Amino acid sequence: MIFLKNSLLICLSLLVYGCAHAQPKDMEEKMAYVERYRLLAVEEMERTGIPASIKLGQGLLESRWGTSDLSRLANNHFGIKCGKDWNGEGYYKEDDDLNDKGELIKSCFRVYGSAEQCYRDHSAFLMNPAKKERYGPLFELKRTDYKGWAEGLKKGGYATDPGYPSKLIKLIEDLDLHRYDEITYQDLLSEIGTLPTLTQPDSPEKAKPVLVVGVPQSTNDVKFIVAGAGQTLKDIASKQYVSPKSLLHHNPHISGADEPLKAGTRVFLQSKPKGWRGQETYHKVRKGEGMIDISILYAIDLDKLYIRNKMSHGQEPAENAEVKIRGGKAKKQPKLKSDQPDKKPTPMPTVPQTKAPVITNGANTSTVPPATTSTNSGAKTQVPANKPPVTQVNTNTTGGTTSVNKTNPGGSDPFGKSNPVPNSGAQNTGAAGSVVAPQYHLVMEGDTLESLAQKFKTSIDGLKKLNNLSTEECKVGSRIRVK
């Protein structure tokens, strides 16, 4: 009897000791998970309105803070099943699906190329118009109402566990996750100092995640593919049964169908809507971000984005400026990069120096730089080395000196691969006599001189004169000078 009591005491002591030591380890792993994905959660909150606390809490709960097989092998942190709309790879494991006989069968879960893809697809899953009745009411809540979100997710059928809301709320409060609902991406980035690593840490005990290239995803109800390194639009077009020409039209950030793409490049399979369909109205511009980046991030038509913000193509917003992404036109144009006092001027292209001709007139000798063209306005422009200038010598009998005027006859093929060179009568000069850098547009399907004239705030005659055109025909795939 005494032996039995002693054995029970020893077992109880070991159990208490084990629990006391296991809890800090679990807490450490949970905090490490939060540190790894908190910036992504806040970014998605600003983009979609889903509270960062809910995003992190669900990620912790569904993936067991990144240690489950589903999160390690399939990068699926939210237990999202394949469903009818999923065309990507599947990971099969038993969950709660039954066959016709009521027997438990393996369920299909979505496989992602990275945790970041999964976090963004989780947002698209909740915002899917087909699930509006289930999850639509959640987006009417304040983003600080994490308890309302937790209850709403259970009511919408996200989980079958009746204790799901209480478990989610407890995780959020134990780890103080609700503080991330009240912080901005920029402030958190400043607090962290460096971008986190979103891939799973390599470990001998953990299998490496399955990398999937070309898994269809969607944002703003627009389907896109994440390209692998070196893929081209032609490669993706053949697999998605679309034409490279249509992909070029949907992806103005890609210059050609044969261009090798960087890993992670988004390739949109559909045309983009004119505005963002999420909750946010404005996007705060980050360092180095341009209008094309914002268009890609929110899957918004680039032309409509410029129009909504009363901007012209080529203009870029300043850092921390607010760009309007949904609704009507902005009341005023956002602050531009060109308005910044510390902006460095764009250097003019240099021309290889050649030996200058020497003009002799009696006792006077003068050297004329070969790469200088004088225009009627007094501006000086660079003459390309492959276009030898025509030299005309005029003698001024009253001054006893000789002046040399050089003019460039210009190019005759405005749609060629090389930039067309306008004649001297078409030179654009600024108020201070500095040359305005030419701007070109890649002609897409549906473009006309009339539409381009409206887009770039010029006239049809002006475009014809800039490009030496005799007709109003625009060839798809050619370049046309617009300024």
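A disulfide, taken as a pair of cysteine sulfur atoms within 2.5 Å, joins C82 to C108, with an S to S distance of 2.0 Å. The structure holds one disulfide. The torsion about the S-S bond of C82 and C108 is about -60 degrees, so the disulfide is left-handed. C82 lies in the loop between α3 (69-74) and β1 (90-98), and C108 in strand β2 (residues 104-110), so the pair ties together parts that are 26 residues apart in sequence. Helices (H or I, at least four residues) and strands (E, at least two) are DSSP runs, numbered from the N terminus. C82 counts as buried at 7% relative accessibility, where buried means under 20% relative accessible area, exposed over 50%, and partly exposed in between (1.4 Å probe, protein chains only). C118 is also buried, with a relative accessible area of 0%.

The model is predicted: local features need pLDDT of at least 70, side-chain atom pairs count only at pLDDT 80 or more, and totals for chains, interfaces and linings use all residues. Residues are numbered from 1 along each chain as its sequence is written, and side-chain values use heavy atoms, with hydrogens and water left out.

An open sheet of three strands has the order β3-β4-β5 with antiparallel pairing; two strands pair if DSSP finds at least two bridges between them. β3 (217-219) and β5 (266-268) stand at the edges with a single partner strand each, so one side of each is left without a neighbour in the sheet. Strand β4 (residues 222-226) is joined to β5 by three bridges, and the two run antiparallel. I225 stands opposite V267 in β5. The charged end of R266 sits over the ring of F224, 4.6 Å from its centre. This contact requires NZ of Lys or CZ of Arg within 6 Å of the ring centre and within 35 degrees of the ring normal. K30 likewise lies over the face of W65, at 4.7 Å from the ring centre.

The structure holds eleven aromatic pairs. Rings of Phe, Tyr and Trp (its six-membered ring) pair if their centres lie within 6.5 Å; planes under 30 degrees apart count as stacked, over 60 as edge-to-face and the rest as tilted. The ring centres of Y158 and Y164 are 6.3 Å apart and the planes are at 35 degrees, so the pair is tilted. Y158 is buried at 14% relative accessible area, and Y164 is buried at 4%. For W276 and Y298 the centres are 5.1 Å apart and the planes at 75 degrees, so the pair is edge-to-face. Both W276 and Y298 are buried. Y33, Y37, F78 and Y119 form one aromatic cluster.
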